[in-house]
Amino acid sequence: MAHEYTIGEAAELLNVTRDALRFYEKKELVKPDKKENGYRFYSEDAISVLMDIIFLRKIQCSIQDIQTMYEDGTPQYWQDFLNLRIQEEEDRIRMHQQLLRQLKVSRRNSEKMLLYRNQISVCPMPKTYIISEIMEDFDQVRNEWFQAAGETQGMEHCYIHEQWKPKKDGGYQYLCYLILEEFAVKELQFEERAKALSSFQFKNCLHTVCESLSMSPAKESIGKMHQWAKEKGISLTGEIHSHYLWNYQEAGKFKKSYVEIYMPIEENKP
């Protein structure tokens, strides 16, 4: 004799709530049988239908998807539907993988701020790729950054890099351009693009992350690094490299930024 299931028994058997079963009934996806005395029950066939519905919901099918599927009911519709769902999930996976890569690059910046803020040390400057033209106008480079970020996902992780090169007259030549460090290039899967780009790195540099009231390093921070080098007997090339990492805001207004600074050391005078 075929088994007859009350709504409570069906809910327990299928590990769903009674409200879920009532909802599927309301959407006409399943219909309990009714005896002459008005007693409602789920037949074994209805339980099989419910198992299919629960499976479809687990694979993210909407109620409308299931209704359409039941109206058509052909193997071809099921095949087409599964192909579409697979494509959607693959697209989501790619999107989440890209997001994960960007989160890891952002975490690198937060690690720099936590580990090196106001701490001067000697370390190499990592291999760095030049993404844009080299200019003398910060605002122009920043606008290029905005444009690049809008056109290519991941380019928002470029640094606006500033460089001061000492001149014979005692002054400095100011240069500005977009860069990506090797870590970011690899993490964001820009290696193929990077093959055509110029790059640079330094074996030994004075290094710190400082706070600033702009996106450029404060003069006081540069002065502290020069003083630190003098006390340690370290000879510098005179070149300064810096880039903005992040900013701090209060009540929606810019408060300060965090800037990373590298000052190359004379190779023959470590």
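Partly exposed residues are those between buried, which means under 20% relative accessible area, and exposed, which means over 50%, as judged with a 1.4 Å probe and the protein chains only. The model shown is predicted, so local features need pLDDT of at least 70 and side-chain atom pairs count only at pLDDT 80 or more, while totals for chains, interfaces and linings use all residues. Residues are numbered from 1 along each chain as its sequence is written, and side-chain values use heavy atoms, with hydrogens and water left out.

View 1. Helix α5 covers residues 75–116, where helices (H or I, at least four residues) and strands (E, at least two) are DSSP runs numbered from the N terminus. Glu 89 and Arg 92 form a salt bridge with their closest N and O atoms 2.7 Å apart, a salt bridge being a side-chain nitrogen of Lys or Arg within 4 Å of a carboxyl oxygen of Asp or Glu. These two residues of α5 are 3 residues apart, about one turn of the helix; Glu 89 is partly exposed at 30% relative accessibility, and Arg 92 is partly exposed at 39%. A network of salt bridges links Arg 85, Glu 88, Glu 89 and Arg 92. Arg 94 and Asp 91 also form a salt bridge, with 2.3 Å between the closest N and O atoms, and both lie in α5, 3 residues apart.

View 2. The side chains of Glu 4 and Lys 35 meet in a salt bridge of 2.8 Å, N to O. Glu 4 lies in the segment before α1 (7–14), whereas Lys 35 lies in the loop between β1 (33–34) and β2 (40–41), 31 residues apart. Glu 4 counts as partly exposed at 26% relative accessibility, as does Lys 35 at 36%. The structure holds 16 salt bridges.

**View 3. The largest pocket.** About 240 Å³ of space lies in the largest pocket. On a 1 Å grid over the protein atoms alone, a pocket is an open set of points with protein on both sides within 12 Å along at least five of seven lines, a cavity is a set of points where a 1.4 Å probe fits but cannot get out, and lining residues have an atom within 4 Å of a point. Grid points are joined across faces, edges and corners, and a volume is the space filled by probe spheres set on the points. Of the 13 lining residues, Asn 109, Glu 156, His 157, Leu 245 and Trp 246 lie nearest the centre of the pocket. Helix α5 gives the most to this lining, with 4 residues.

**View 4. The largest cavity.** The structure holds 2 cavities of 30 Å³ or more, and about 60 Å³ of space lies in the largest cavity. Its lining includes Val 105, Arg 108, Asn 109, His 157 and Tyr 159. The elements that give two or more residues to this lining are α5, β5 (172–181) and α7 (182–187), and the largest share, 3 residues, comes from α5.

**View 5. The second largest cavity.** About 30 Å³ of space lies in the second largest cavity. Among the residues that line this cavity are Ile 131, Met 155, Leu 180 and Arg 193.
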